[in-house]
Amino acid sequence: MWGPRLRDFPEWVERRLAYRAPYSVIAAAGHAALTAAGLAERDAVPLDLFCTLGHVLFAPDGKLSGDGGTALAELGR
């Protein structure tokens, strides 16, 4: 579901995935929306469901936005 975002480059540009950055979702046990979706602990949260949930950004560097938000904005979410 969450794969690398491949940008539109000319055919002559070689591209390779350099790394993957895992993201974790922390939610209360028995979270109503996750339970209603039939998700168990460690299940991937579908993007549509993820986008409907409230979010908290942990940013030790003090930034007001994160890479996850930037990636979602690029997807129009």
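Where is the place of E41? The place of E41 is in the loop between α1 and α2, and the legends below start from the whole model and then return to this loop. This is a predicted model, in which local features need pLDDT of at least 70 and side-chain atom pairs count only at pLDDT 80 or more, whereas totals for chains, interfaces and linings use all residues. Residues are numbered from 1 along each chain as its sequence is written, and side-chain values use heavy atoms, with hydrogens and water left out.

**View 1. The overall fold of the protein has 3 helices and 0 strands.** Helices (H or I, at least four residues) and strands (E, at least two) are DSSP runs, numbered from the N terminus, and along the sequence the pattern reads α-α-α. The pLDDT, which is the predictor's confidence in each residue on a scale from 0 to 100, has a mean of 82 for the protein, with 88% of the residues reaching 70 or more. Confidence is highest in α1, at 95, and lowest in α3, at a mean of 82. Where pLDDT is low, the predicted coordinates should not be read in detail.

**View 2. The largest nonpolar core of the protein has 7 residues.** A nonpolar core is a set of buried Ala, Val, Leu, Ile, Met, Phe, Trp, Tyr and Cys residues joined through side-chain atoms within 4.5 Å; buried means under 20% relative accessible area, exposed over 50%, and partly exposed in between, with a 1.4 Å probe and protein chains only. The members of this core are L34, V45, L47, L49, F50, L53 and L72, and helix α2 (residues 47-52) gives the most, with 3 residues. In soluble globular proteins, nonpolar side chains tend to be buried together. Of the 77 residues of the protein, 10% count as buried.

**View 3. A salt bridge joins R77 and D48.** A salt bridge is a side-chain nitrogen of Lys or Arg within 4 Å of a carboxyl oxygen of Asp or Glu, and a search of the whole structure finds 1. In the pair formed by R77 and D48, the closest N and O atoms are 2.7 Å apart. R77 lies in the segment after α3 (67-74) and D48 in helix α2, so the pair ties together parts that are 29 residues apart in sequence. With 43% relative accessibility, R77 counts as partly exposed, while D48, at 51%, counts as exposed.

**View 4. The loop between α1 and α2 holds E41, R42 and A44.** E41 counts as exposed because its relative accessibility is 72%, and its C-alpha atom is separated by 10.0 Å from that of V25, 16 residues away along the chain.
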